[in-house]
Amino acid sequence: MNTTNERIGDKLLAAGLICDEDLVAAVHVQQRCGGRLGPLLVALGSVSQASIDRIWRESHVDPHLSARIGRVMSECGMDGITPEFEFAKIYRRDTIVENMMKGSMVERTEVEIDGLATMTLGEFTSPQFVFEINAKTNECEIPAGDEQKVRAWLKGLDRSRVNSKAA
């Protein structure tokens with residue numbers, strides 16, 4: 001998962017949410033004062049936090065959760081149907097790992113993403129489930145108990161109503 005400033009800046013530019021001048025100003029502040037590019041763009045009034053959150057979710061959460069749920073749906077005989085997700089919570093944790101033997105030099109930053117979501121297929125909404133994304137591997141996991149709830153929900157759906165509503 002690439003979370004560099006260049007990537008978020010490129011995504012915001014491509015979406016038409018900021019202009020080149022906004023990005024240059026935020027990078028300039030970042031070089032002088034530090035900080036993350038997204039919050040700096042918000043503080044400068046270039047973009048809303050909601051827009052940053054949406055772009056970040058679309059690039060860092062949606063594809064990985066969709067792939068994992070797609071495998072579960074395929075195993076339940078529901079190939080070719082695309083769910084829509086609603087998120088109750090999404091958390092991103094950046095853990096800085098320092099090497100104390102090298103004067104607290106930062107060795108790496110570990111990123112973990114987890115959250116609580118439901119999915120909708122036509123008029124049907126799943127029970128809430130937890131998901132976790134490993135930022136190094138981009139693999140999304142759903143805890144066994146939550147995955148069982150989703151599988152039971154999928155198996156109990158009237159497929160003919162789901163297919164006609166989701167198509």
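**Entry 1: order of elements**

I read the elements of the chain from the N terminus on and noted the order α-α-α-α-α-β-β-β-β-β-α-α. The tally for the chain is seven helices and five strands. I record here that the model is predicted.

**Entry 2: the chain in totals**

I looked up burial next: of the 167 residues in the chain, 35% are buried.

**Entry 3: Gly9 in helix H1**

I located Gly9 in helix H1, which covers residues 5-14. Is Gly9 buried or exposed? Its relative accessible area is 0%, so Gly9 counts as buried, the limit being under 20%. I then asked which residues touch Gly9 once its neighbours within four places in sequence are left aside. The contacts of Gly9 are Ile18, Leu23 and Leu37. For Leu23 I also noted the separation from Gly9: 14 residues in sequence, and 6.5 Å in space from C-alpha to C-alpha.

**Entry 4: Ser46 in a loop**

I found Ser46 in the loop that lies between helix H3 (37-43) and helix H4 (49-60). With a relative accessible area of 17%, Ser46 is buried, because the limit is under 20%. Setting aside neighbours within four places in sequence, I listed Leu17, Ile18, Asp22 and Leu41 as the residues in contact with Ser46. With Asp22 there is also a polar contact, in which the two side chains are joined at 3.5 Å.

**Entry 5: helix H6**

I checked the span of helix H6, residues 144-155. At 1.5 Å a residue its twelve residues should span 16 Å, and the end C-alpha atoms are 16 Å apart, so the two values agree.

Which residues of H6 are buried? I noted Asp146, Glu147, Val150, Arg151, Trp153 and Leu154. Viewed down the axis of H6, these buried residues fall within an arc of 160°, and therefore they line one face of the helix. The general rule I kept in mind is that an α-helix has 3.6 residues a turn, so residues three or four places apart point the same way. On the other side of H6, I found Ala144, Gln148, Ala152 and Lys155 exposed.

Technical notes:
Residues numbered from 1 in each chain as written. Predicted model: local features only at pLDDT ≥ 70, side-chain atom pairs only at ≥ 80, totals over all residues. Heavy atoms only, no water. Helix = DSSP H or I, 4+ residues; strand = E, 2+ residues; numbered from the N terminus. Buried < 20%, exposed > 50% of the residue type's maximum accessible area, 1.4 Å probe, protein only. Expected span 1.5 Å × (residues − 1). Arc of directions from axis to C-beta. Polar contact = N/O pair within 3.5 Å; in protein donor to acceptor, adjacent residues only side chain to side chain. Contact = heavy atoms within 4.5 Å.
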